Amino acid sequence: MQHENKPSETLLSDPTYFLSRIDRSVADNIRDIEKSFDEDAGIVKDFIVFISRKMKKDLFGFTRFTLSEFCKETGRNKQTLCEVHPKFRNNPKAEVPEYFGHRFETTFDYALFHMLSNNIIFSRSYEYKHQDKVIELKNFAILKDIKVSIDRHTNTIKIYDVRISDELMEGFFRRYYTIDTNGYKHVGKGRGGDGRKSLYIFLYKTRHQLLSSGKRITKLPIDLLASVAHIESEEPRFKKKSVKRVLDYIREKGKLPFDYTFVQGDPTKKYQELYWVSLDFSVYHEVMEAKEDHNFYIALLERMRDLFHHTYGNHVQITGEKDTFQRWLTNSDADLTHKANELCKAYFKVHNKDITLAMAKKLIRGGLFSDDN
């Protein structure tokens, strides 16, 4: 084997942005998240972006995190998330759910439990193609299991250990738009943050669709953008002003460079909206995810699944564990050498370059996109 000191630049991070992924079925149906999870929708949306970022950054340890980590990556206020959830604060008689001995009473904890006990219900079925088959989704599970423990070193910090749904994992690997998650956390700070985050996702989705088809410019109704951003002004001139303010904020705080102009609709076309926004992504610097990154993750997951099933078959049973594969995958000490060997093979298959077994182990222990690599 040829010895490389480090893998290619596609596995390294840039401090100015972090190109992550968001499931297409989620990004295409933001309103359905809001309908399905009501006042918890903002946290649910943040969690999906957060856990996808963790998967991209550290496939071998993405399931475990702390509230401080969640807040750092999403821009949420930790104190607010630690308060008693409004459902129980406003109704003292409401029963607090318990799961594996933990009371899910705080705003963040209950939102997690909400994701475990409820699905995203699509207002209309969502279809996508995979291996020449049409897959139809009518609802979308986010979590299949949650464990909450206390850090034994501090006796105060909660450690969250989750198992994401098969649908969410499938979305990360095969069905996604790219999104800069560094900008995402910045646009959400302050009043109206959840609406700006929704529009930020929408703009990245639009950008992804345009660039994938070789285009740079599109025109959308101002009412659509206002609806996504939770802008409720009825008067057109006030709505235009509010949309302008949000777009400027996203460009400045989210570092999403694009141009836009307000244009009037064609009065000769019946039923056409009166006011539109022309979005131009021509100025966007190229931060598209490399095709090699996509192929690498697919190859790596397939090799990890094959290794797990070849080694353990269907005989692994752990009391209280709902996904033994995820637990094995995210335990960096389990079968480390075998995992590293498969990582080397997946990397060579995609990049036609070798990396050493030592480097593969370092990637598994430190995270594929860790700043330390």
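A residue counts as buried when its relative accessible area is under 20%, as exposed over 50%, and as partly exposed in between, using a 1.4 Å probe and protein chains only. By that rule F281 is buried, at 1%. This is a predicted model, where local features need pLDDT of at least 70, side-chain atom pairs count only at pLDDT 80 or more, and totals for chains, interfaces and linings use all residues. Residues are numbered from 1 along each chain as its sequence is written, and side-chain values use heavy atoms, leaving out hydrogens and water.

**Around F281**
- T206 touches F281, along with T218 and L220, leaving aside residues up to four places away in sequence; contact means heavy atoms within 4.5 Å.
- T206 is itself buried, at 7% relative accessibility.

**Ring pairs**
- Rings of Phe, Tyr and Trp (its six-membered ring) pair up if their centres lie within 6.5 Å; planes under 30 degrees apart are stacked, over 60 edge-to-face, and the rest tilted.
- That rule gives 25 aromatic pairs.
- F258 and F281 make a tilted pair, because their centres are 5.8 Å apart and their planes sit at 40°.
- F258 is buried too, at 1% relative accessibility.
- F296 and Y347 are edge-to-face, with centres 5.9 Å apart and planes at 80°.
- Both F296 and Y347 are buried.
- Ring pairs also join F47, F50, F65, F70, F108 and Y160 into a cluster.

**Charges over rings**
- A charge sits over a ring if NZ of Lys or CZ of Arg is within 6 Å of the ring centre and within 35 degrees of the ring normal.
- K147 has its charged end over the ring of F100, 4.7 Å from the centre.
- K339 lies over the face of W328, 4.5 Å from the ring centre.
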